[in-house]
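Subject: Structure handover

Hello,

Here is the structure for you to look over. My notes come after it.

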Amino acid sequence: MRVQVKCFSTLSKEDVCDFHDAKSYELSEGATVKDLAGKIEIEPEEVKIIFVNHKSASMGDVLKNGDQVAFSPKSGGM
């Protein structure tokens, strides 16, 4: 299955995951948000907010083909 991902602030990495354009990644059926984070080398404890298809999500949520995922980091005071 294929998912799109965006990363914000300190999680943004050029050519891996940034906030300008969503990057497309291939994952196995049944993969979770945590599996995606591992694939793009983001440590789960670095993430404060996750959205899947513009709705709040968690690392354990199972992804589906075509999902749009966004990761936002912990930041000052949070």
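Below is what was found in it.

This is a predicted model: local features need pLDDT of at least 70, side-chain atom pairs count only at pLDDT 80 or more, and totals for chains, interfaces and linings use all residues. Residues are numbered from 1 along each chain as its sequence is written, and side-chain values use heavy atoms, without hydrogens and water.

Fold. The protein chain has one helix and five strands. Their order along the sequence is β-β-α-β-β-β. Both are DSSP runs, numbered from the N terminus: helices are H or I with at least four residues, strands are E with at least two.

Packing. Of the 78 residues in the protein chain, 35% are buried (under 20% relative accessible area; exposed is over 50%, partly exposed in between; 1.4 Å probe, protein chains only). Take the contacts with a separation of 6 or more: 54% of them join residues 24 or more positions apart. Contact means heavy atoms within 4.5 Å.

Extent. The C-alpha atoms fill a box of roughly 35 × 25 × 20 Å along the principal axes.

Backbone. Two residues deserve a look.

- E41 is not a glycine, yet its phi is positive, near 60°. E41 sits in the loop between α1 (33-39) and β3 (47-52). E41 counts as exposed because its relative accessibility is 63%.
- H54 is not a glycine either, and has a positive phi of about 70°. Its place is the loop between β3 and β4 (55-56). H54 has a relative accessible area of 70%, so H54 is exposed.

Best regards
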